[in-house]
Amino acid sequence: ISGTIPDSWAAMTNLVILQLDNNQLTGTLPNSFSSLTNLDTMMLHQNNLSGTLPASYSSMTDMTTMILNDNEFTGTIPDSWP
């Protein structure tokens, strides 16, 4: 899979696992994903994602696993993240 992560995926509000590791995803993490409050696991490692980590993801209170290594993110982990 290549390209950016579509904002429209935020409409999948019952999504529990998002596993898109080892692809060629580019661009930033969509701020709109903060509406995915049922998301438990996000595995986006080994892509070409960039930018900063959205502070808005602090609303994803069911998140137990987030694997984002081997991308091109900048900045720090937001203080608002649990």
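Four strands make up an open sheet with the order β1-β3-β5-β7, and the pairing is parallel. Because β1 (2-4) and β7 (72-73) are the edge strands, each with a single partner strand, one side of each has no neighbour in the sheet. Strands are DSSP runs (E, at least two residues; helices are H or I, at least four), numbered from the N terminus, and two strands are taken to pair if DSSP finds at least two bridges between them. The model is predicted: local features need pLDDT of at least 70 and side-chain atom pairs count only at pLDDT 80 or more, whereas totals for chains, interfaces and linings use all residues. Residues are numbered from 1 along each chain as its sequence is written, and side-chain values use heavy atoms, with hydrogens and water left out.

Within the sheet, strand β3 (residues 24-27) is paired with strand β5 (residues 48-51) in the parallel sense, over two bridges. T26 has N48, in β5, as its bridge partner.

Strand β2 (residues 17-19) contains I17. With neighbours within four places in sequence set aside, I17 is in contact (heavy atoms within 4.5 Å) with L39 and T41. The C-alpha atoms of I17 and S32 are 16 Å apart in space, for a sequence separation of 15 residues.

T41 lies in strand β4 (residues 41-43). The relative accessible area of T41 is 11%, so T41 is buried; the classes are buried under 20% relative accessible area, exposed over 50% and partly exposed in between, with a 1.4 Å probe and protein chains only. Not counting residues up to four places away in sequence, T41 touches V16, I17, L18, M63, T64 and T65. The side chains of T41 and D40 are joined by a polar contact of 2.8 Å. A polar contact is a pair of N or O atoms within 3.5 Å; within protein, one must be able to donate a hydrogen and the other to accept it, and residues adjacent in sequence count only if both atoms are side-chain atoms.

One aromatic pair is present in the structure. The ring centres of Y57 and W81 are 6.2 Å apart and the ring planes are at 5 degrees, so the pair is stacked. Rings of Phe, Tyr and Trp (its six-membered ring) pair if their centres lie within 6.5 Å; planes under 30 degrees apart count as stacked, over 60 as edge-to-face and the rest as tilted. The pair links distant parts of the chain, with Y57 in the loop between β5 and β6 (65-67) and W81 in the segment after β7, 24 residues apart. Y57 is buried at a relative accessible area of 3%, and W81 also counts as buried, at 17% relative accessibility.
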